[in-house]
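User: I would like to learn how to read cavities and sheets in a model. Please show me the structure.

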Amino acid sequence: MNRLLRDGLALVLGALTMLSLPPWGLWPLGPVGIGLWLRFCNRGAQRWRDRLEVAAAFWLGAYLLGLFWMTELTVPGWIAAVPVETLIMALPLSLVPASGRWRALGVPAALVLGEAVRWQVPFGGVPMSNLALGQVGGPWLGTAVLAGPLGVVALVGVGAVIVERLCAREWCAVSWPAVVAIAAPIAALAWPATTVDATVTAAVVQAGGELGTNVDTPQRSVRLRHLDTTNAWQGNADLMVWSESSTSADGPLEASDNLAELEALAGWRDTVLIANFYERADDQRFRNATVAIDPATGLADRYDKAHLVPFGEYVPLRSVVEPFADLSLISREAIAGEGPGVLSTSLGDIAVVTSYEVYFSDLVRDGVQAGGRIVANPTLASSYSTSVVPSQSLASARLRAVETGRWVLQASTTGYSAVVSPDGEVTHRSELRESIVLAGEVELRSGSTPALTLGSWPLIVAAAVLLAWCVLPAGRRRG
């Protein structure tokens with residue numbers, strides 16, 4: 001195939017693969033897009049340089065579309081992020097032999113390593129628009145209970161190998177990948193569920209209103225919309241979750257009138273209230289603090305967001321970036337918290353991750369292993385005018401529910417608020433910008449899952465060993 005045509009096809013197949021992601025949700029395109037790329041673009045590229053080129057073309061097409069949501073915040077940021085993410089994913093795939101018996105192992109291993117690196121670098125990682133999110137509507141969602149999101153990514157690689165071999169009419173070579181692809185979800189279904197300790201009524205409050213950034217939308221109006229929505233609701237709940245930045249404090253929140261107001265609300269409602277404060281530390285800094293308020297005793301606990309959003313809550317290399325970008329929306333920088341996200345309440349411990357943190361499997365794992373029997377996720381999404389980021393946030397909540405065996409309560413200001421069961425089913429969901437209270441029976445659960453017990457590192461190490469095993473025989477043959 002002509003080189004220009006080959007790279008152009010790779011670019012198109014990369015974009016096609018990203019249509020597996022929410023909000024499009026065409027989950028088969030994940031393995032199909034990569035499988036077609038393996039068969040028609042990558043196969044036969046014997047030189048490492050050629051494999052790197054065609055892999056870079058594929059992921060360039062993928063992230064031009066998959067990260068386009070960044071343009072709603074910063075076009076220069078999108079332009080800078082696309083080549084970085086492209087290189088991170090292209091490098092491990094370029095090491096996979098273009099043919100041979102080990103190729104079927106190398107492809108899933110390379111995808112796992114690429115995504116694992118993406119979720120850590122640069123600036124703490126960019127886990128959005130990852131391959132696992134594209135599978136929440138498919139049969140592999142449940143396998144997150146066994147090996148977390150990277151296990152789902154590995155199965156996308158296995159599915160891609162199946163597609164490649166079917167296109168090449170290598171019927172016999174399909175057998176073992178097909179067994180893995182089918183056996184994994186069966187094994188996940190057979191795994192014992194976590195233990196139900198109690199059942200409570202939970203409510204998720206979405207204030208709704210017009211979209212806009214934190215700077216565009218006064219904190220007072222956001223707080224009043226939460227109060228109005230809550231007061232208009234006629235139901236009762238043992239646990240209520242408000243969204244990110246649902247209220248604010250000009251100084252220490254413990255001394256603020258807004259906290260006293262929420263304590264009175266929790267007492268009147270007889271509910272444990274989870275709310276999030278934009279707490280100003282000084283003219284340049286703030287804290288993103290989530291609090292638990294008990295109806296009888298008031299403020300019970302707080303968690304300060306630990307994993308901050310680069311170029312959202314702080315600006316890495318601000319002096320370098322400032323001449324090229326408008327940083328007026330990030331006039332104050334957040335102070336990072338520490339420790340696992342867990343809040344002690346009269347209902348027991350509640351794991352909490354704030355907004356962007358829901359994309360990070362290990363953060364949710366830390367909160368659950370610290371005792372969390374349910375997961376609360378106050379989030380915002382009001383800076384985005386489309387459904388891309390809210391739908392990916394909800395997909396992440398579904399993955400976190402499955403891998404932890406816990407219910408997840410996601411409360412967004414204007415995005416998708418939802419109640420998610422431990423099998424990843426969305427039992428309640430709002431519409432964008434809707435003012436609503438979602439309420440239902442949820443379970444407080446204990447116990448562990450393989451994904452909780454093992455974490456990400458065993459699969460990462462296994463992928464590194466497999467990829468090295470694939471590369472070394474090729475090197476010996478060349479020698």
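User: What volume does the second largest cavity have?

Analyst: This is a predicted model, where local features need pLDDT of at least 70, side-chain atom pairs count only at pLDDT 80 or more, and totals for chains, interfaces and linings use all residues. Residues are numbered from 1 along each chain as its sequence is written, and side-chain values use heavy atoms, with hydrogens and water left out. A cavity is a set of points on a 1 Å grid over the protein atoms alone where a 1.4 Å probe fits but cannot get out. The volume is the space filled by probe spheres set on the points, which are joined across faces, edges and corners. Here the second largest cavity has about 40 Å³.

User: Which residues line the second largest cavity?

Analyst: Lining residues have an atom within 4 Å of a point. The lining here includes W119, Y359, S396, L399 and R400. It divides into six nonpolar, two polar and one charged. Helix α12 gives the most, three residues.

User: What does α12 lie across?

Analyst: Helices (H or I, at least four residues) and strands (E, at least two) are DSSP runs, numbered from the N terminus. Helix α12 (residues 388–404) lies across β10, β11, β12 and β13.

User: In what order do the strands of the sheet run?

Analyst: Strands of a sheet pair through backbone hydrogen bonds, either parallel or antiparallel. A pair needs at least two DSSP bridges. This open sheet runs β8-β9-β10-β11-β12-β13, with mixed pairing. β8 and β13 each have a single partner strand, so one side of each lacks a neighbour in the sheet.

User: How many bridges join β8 and β9?

Analyst: Four, in the antiparallel sense. V342 has A351 in β9 as its bridge partner.

How values were computed:
Contact = heavy atoms within 4.5 Å. Axes fitted to C-alpha atoms, helices over the stretch in contact; angles between N-to-C directions. 1 Å grid on protein atoms, 1.4 Å probe; cavity = no way out; pocket = protein on both sides within 12 Å on 5 of 7 lines; lining within 4 Å. Nonpolar A, V, L, I, M, F, W, Y, C, P; charged D, E, K, R; others polar.
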